[in-house]
Amino acid sequence: MSKGNQLRHGAPRNAVPICVDMQRMFAQGTDWTMPWLPRVLPNVVAITSAHPERTIFTRFIPAQSPGHGAGMWRHYYEHWSSMTIDELGPEMIGLVQDLAQFVPPARIFDKHVYSPWTGSDFHEQLRAAHVDTIIITGGETDVCVLATVLGAVDWGYRVILVTDALCSSADETHDSMMNIYLNRFGQQVECVTTETLLGSWPGSARASSYHE
């Protein structure tokens with residue numbers, strides 16, 4: 001069983017922080033609100049601040065109208081009609097303001113499904129930039145973060161999951177998923193706190209202060 005909170009493979013190199021879906025529609029009183037997003041937001045900001053020029057914010061883009069989408073996604077948006085763009089308003093797919101300020105130099109990658117790897121050139125973009133390590137923050141721990149982690153594992157990236165910079169709308173499934181990350185993926189996912197990450201990440205202000 002992994003104890004977590006250690007970078008088993010040393011300080012991150014050639015790393016890209018991927019902040020998953022920290023958007024207004026998950027923060028501002030909708031049917032998909034993550035109640036403790038504000039609690040982890042300062043840690044996400046701290047990690048983004050360390051290397052904004054390398055940071056990628058993914059955004060989950062819902063269907064335009066109820067019933068749009070292929071296959072079961074059509075049924076999904078019939079059920080979640082309140083979360084379509086027509087109902088929400090396009091401004092709600094934007095990043096929360098505390099993170100939007102980092103764009104640019106940080107960039108945005110939009111997706112219409114949980115995973116950024118599906119039906120996209122995301123992997124090719126990262127490989128072209130010689131990225132070998134992905135640092136994951138954001139939400140939800142048990143949905144879009146999960147899809148991001150599994151795709152990164154499958155492509156062979158080193159995956160660092162920042163435990164106190166993740167959020168979900170359900171405590172029970174968040175806790176269960178963290179147990180799975182720590183134990184079932186213990187050889188492929190390193191779970192650390194914000195402090196541990198920033199204490200070792202080259203170029204971050206906190207890393208410099210820790211090594212003075």
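In this briefing, a residue is buried when its relative accessible area is under 20%, exposed when that area is over 50%, and partly exposed in between, with a 1.4 Å probe and protein chains only. By this criterion Cys144, at 6% relative accessibility, is buried. The structure is a predicted model, in which local features need pLDDT of at least 70 and side-chain atom pairs count only at pLDDT 80 or more, whereas totals for chains, interfaces and linings use all residues. Residues are numbered from 1 along each chain as its sequence is written, and side-chain values use heavy atoms, with hydrogens and water left out.

**Annotated domain**

- The UniProt record, an unreviewed entry, carries the annotation "domain: Isochorismatase-like" for residues 18–187; such positions are given in the numbering used here, feature names are shortened, and annotations may be inferred rather than shown by experiment.
- Residues 18–187 are 36% helix and 18% strand, and the end C-alpha atoms of this span are 20 Å apart.
- Helices (H or I, at least four residues) and strands (E, at least two) are DSSP runs, numbered from the N terminus.

**Largest pocket**

- A pocket is an open set of points on a 1 Å grid over the protein atoms alone, where a 1.4 Å probe fits, with protein on both sides within 12 Å along at least five of seven lines; lining residues have an atom within 4 Å of a point.
- The volume of the largest pocket is about 220 Å³, where a volume is the space filled by probe spheres set on the points, and grid points are joined across faces, edges and corners.
- Its lining comprises 15 residues, and those nearest the centre are Phe26, Trp32, Tyr76, Glu140 and Val143.
- By class, the lining of the largest pocket holds nine nonpolar, three polar and three charged residues; Ala, Val, Leu, Ile, Met, Phe, Trp, Tyr, Cys and Pro count as nonpolar, Asp, Glu, Lys and Arg as charged, and the others, Gly among them, as polar.

- All six residues of strand β1 (residues 15–20) are buried.
- In a regular strand, side chains alternate between the two faces of the sheet.
- On one side of β1 the buried residues are Ala15, Pro17 and Cys19, and on the other they are Val16, Ile18 and Val20.
- Strand β1 runs parallel to strand β4 (residues 133–139), to which six bridges join it; two strands pair if DSSP finds at least two bridges between them.
- Strand β2 (residues 56–60) is also parallel to β1, with three bridges between them.
- Val20 takes part in both pairings: Gly138 stands opposite in β4, and Thr58 is the bridge partner in β2.

**Cysteines**

- A disulfide is a covalent bond between the sulfur atoms of two cysteines.
- With a disulfide taken as a pair of cysteine sulfur atoms within 2.5 Å, the whole structure contains zero disulfides.
- Cys19 is buried, with a relative accessible area of 2%.

**Backbone geometry**

- Most residues other than glycine have a negative phi, and most peptide bonds are trans.
- Val103 and Pro104 are joined by a cis peptide bond with omega of about -15°; Pro104 is in the loop between α4 (97–100) and β3 (107–111).
- A cis peptide bond also joins Gly139 and Glu140, with omega of about -10°, and Glu140 is in the loop between β4 and α6 (144–155).
- Asn14, in the segment before β1, has a positive phi of about 50° and is partly exposed at 44% relative accessibility.
- His130 has a positive phi near 65°, lies in the loop between α5 (122–128) and β4, and is exposed at 62% relative accessibility.

**Loop threonines and contacts across the sequence**

- Thr55, in the loop between α1 (37–50) and β2, is buried, with a relative accessible area of 2%.
- Thr55 and Pro105 are 50 residues apart along the chain, and their C-alpha atoms are separated by 8.1 Å.
- Thr193, in the loop between β6 (189–192) and α8 (194–200), is partly exposed, with a relative accessible area of 22%.
- Thr193 and Val162 are 31 residues apart in sequence, with a C-alpha to C-alpha distance of 5.3 Å.
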